[in-house]
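Open the model in your viewer and keep the selection tool at hand. We will go stop by stop.

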Amino acid sequence: MAEELPDPDSAPYWDGIASGELRYQRCGACDTAIFYPRSICPTCGAADPDWQVSVGDGVVYACSIIHRSPPAHKDDVPYVVALVELAEGFRMMSRIVDCDTDSVTVGQSVRVVYRDDNDGKPAPYFAPIS
Amino acid sequence: MSLKRACAIAGVAESRLGVVPDSTVMTLQAEAMIAALAEAGLEKSDVDAVFSSGNWGRLPQLQVAEYLGIRPSYSDNTSVGGASFEFHLGHAAAAIQAGLCKVAVILYGSTQRSRRERRIFEAHTDLGYQYEAPYGLPIPVGAYALAASRHMAQYGTTSEQMAELAVSTRSWAQLNPAAYRREPLTVDEVLASDMIASPLHRLDCCLVTDGGGCVVVVSPEIAKTLPKAPIWLLGQGEAHSHAQISEMPDLTVTPAAESGKRAFAMSGVTHSDLDVVEIYDSFTITVLLTLESLGFCKPGESGAFVTGGRTAPGGEFPLNTNGGGLSYCHPGQYGIFLLIEAVRQLRGECGERQVADATLALASGTGGVLSSNSTCILGLE
C-alpha cells in the first residue's frame, strides 16, 4: 500500500521544487549532506537534520541510456537516467536533458532545470553546462 | 561465535525449470522439497524449520508452510532479493547451533515466466522511491547499467570483457542438460544483441524462467547418519548497504566486500584453496563487481580477470558451472541454485561439467540492486 505523497519527510522538498529550489538536508551534529530527506541523520543518528538549498550544480556520477523503459515512460525512449553528484556533497537520481543522449558522459558538469514529469508534476532534471 | 560446521547440507533439488505452465509456486516448491528430502533420507515429519523468500500473496511464509503441511518451530522469511537463500543458510546454522531446530528446509519457487509476472515493472513510488520515480529507471536492469557505466568510466572496463563472461558461462551451460540456453554463443553475438539500458545488452542480462529449489539443512549429529556425504558450512557472512541504487555508497563496491571478508575469516579458507566458485550473475556486471569485492582480484581488474576463457570449462577459475542465471535458469531469485550447484560439485555429481576433485566451494548471492550479499563457503570434509 503506497503512502500518500508528499509525506512529512518529503513535503519541504517537493514544495521547494515547485518554487524552483533544490532543497536538501544537512546534519546539525556531524555536518553530513543528506539526500533523500529523512527525520534522522543516516551517518550519526542525530534527529531532525536542517534544510538547505543547493546551488544545483553537479557532475554525472553514472549514467545509462534507457532503450527498454517501464510502460509509463515508453514514449520517452531513448532517454538518459543519471546519478548526479551535487557540489554540496549529496547524490541524487535524475535525467540528463537538452542534449544528445549519446553525448552524456560520466564526469560531465550539469546544472539543475525544472520540468514537469509524466504525471504533470514539477521535478528536477539536469542539463549539461555549456 | 562462529558458524563453522554448525550445520551441513543433506539434500538439494530443483523442481522442473524453464517454462513450466502446468504449475504454481506451490507445486514447484513441493516438487523440489520432495526430491531434496528423498536424497537426504529424511521425511517431511522430520522438518522443524522453514526458510523462504516468497513474493506471492500477503503472508507468503504462512502460505507455503500451510500448503506443504509443515508446522515449524523455527521460521524465517528474510527476503533481501536473490541473495536471500545464502542469508537463510547462515540463519539456519545459527538456529541449529542454538538448539532451536534440527532439520530446516530452504525453499523457493516462481512461475514468473509462464505467468508473465516479470515485466520491467514500475518502480515503487512512495517513501524513498518517490525521488527516483519521475525518471523511469527500469528496475533492476537500469540500476546495474548505472553501476556498469561507473565501472567502465573509472577503470576502463569494456563491453567485450563483460560479453566474454556471458560466453564462458554459456560454455558451462552447454555441459548441463538442465540448462535453458545451450546453443553456442560468441562475444560478437552478445554485443549485437539489443541494447536494453546502456551499456547492458540483452545477453548481458539473466534469463527469465520458471523454477523452484529446495536445500535441506541439518544438525551435525543428523548429518552423520544420512546416506549422502554431508556438505559442511565452513563460513558465512552477510551484509546489505542500501535498497535503491541512488543510495549505494560506491557503485563499484558491493556488500560482498564485507560479507565475503567475514565468510573467509570464519572458514579459515583462502581464495586459492577454493576449487569452484558460484557467483550470482543477474547481469554480467554483477559478477565482475562481486569478484572484486570478494577479493579474487583488485578493484578495477575484474574485466581482465574474466578474459581469455579463464572462467570457462577447462579454465583456471571454474565459475558458475551450471551455466548460471545467464544461461541455466533464473526464476526471479536465483540464489538457491548457487547452493544447489556448489553442493553437487562437492559431491562429484556433475557429469560432464564436474570440476575434478572439488572439495571447497564458494557461493555468493547478490540481491536487490547490488543491495545485499551473503557469501557461503562449503566443504566436503
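Which residues in α4(B) and α9(B) meet? Before selecting them, note that this is a predicted model.

**Stop 1: α4 and α9 of chain B**

Select residues 141-155 of chain B for helix α4, then residues 284-293 of chain B for helix α9. Now show side chains. From α4(B), pick Tyr144(B), Ala147(B), Ala148(B) and His151(B). They meet Ile285(B), Thr286(B), Leu289(B) and Glu292(B) in α9(B). By class, this contact has five nonpolar, two polar and one charged residues.

Next, look at the axes. They come within 10 Å and cross at roughly 60°. That angle makes α4(B) oblique to α9(B). The crossing of the two helices, α4(B) and α9(B), is left-handed.

**Stop 2: α1 and α2 of chain B**

Stay in chain B. Select residues 25-40 for helix α1 and residues 60-68 for helix α2. The axes of α1 and α2 come within 10 Å, crossing at roughly 60°. This makes α1(B) oblique to α2(B). Which hand does the crossing of α1(B) and α2(B) have, left or right? It is right-handed.

Show the side chains here too. On α1(B), select Met26(B), Thr27(B), Gln29(B), Ala30(B) and Met33(B). On α2(B), their partners are Gln63(B), Val64(B), Tyr67(B) and Leu68(B). The contact of α1(B) with α2(B) has six nonpolar, three polar and no charged residues.

**Stop 3: α3 and α12 of chain B**

Phe85(B), Glu86(B) and Leu89(B) make the contact from α3(B). From α12(B) come Gly335(B), Ile336(B), Leu338(B) and Leu339(B). Count by class: the contact of α3(B) with α12(B) has five nonpolar, one polar and one charged residues.

**Stop 4: where chain B meets chain A**

Zoom out and color by chain. How many residues of chain B are in contact with chain A? There are 34, and they touch 39 residues of chain A. Chain B and chain A bury about 3100 Å² between them. Of that area, 59% is on carbon and sulfur atoms.

One salt bridge is found across the interface of chain B and chain A. To see a salt bridge up close, select Glu247(B) and Arg38(A). Their side chains meet at 2.9 Å, N to O.

How values were computed
Residues are numbered from 1 along each chain as its sequence is written. Chains are lettered from A and ligands numbered from 1 in the order in which they are written. This is a predicted model: local features need pLDDT of at least 70, side-chain atom pairs count only at pLDDT 80 or more; totals for chains, interfaces and linings use all residues. Side-chain values use heavy atoms; hydrogens and water are left out. Axes are lines fitted to C-alpha atoms, for helices over the stretch in contact, and angles run from 0 to 180 degrees between N-to-C directions. Helices (H or I, at least four residues) and strands (E, at least two) are DSSP runs, numbered from the N terminus. Angles under 35 degrees count as roughly parallel, over 145 as roughly antiparallel, 65 to 115 as roughly perpendicular and the rest as oblique. A crossing is left-handed if the near helix is turned anticlockwise from the far one by less than a right angle, and right-handed if clockwise. Contact means heavy atoms within 4.5 Å. Ala, Val, Leu, Ile, Met, Phe, Trp, Tyr, Cys and Pro count as nonpolar, Asp, Glu, Lys and Arg as charged, and the others, Gly among them, as polar. Buried area is the accessible area (1.4 Å probe) that two parts lose on being put together, summed over both. A salt bridge is a side-chain nitrogen of Lys or Arg within 4 Å of a carboxyl oxygen of Asp or Glu.
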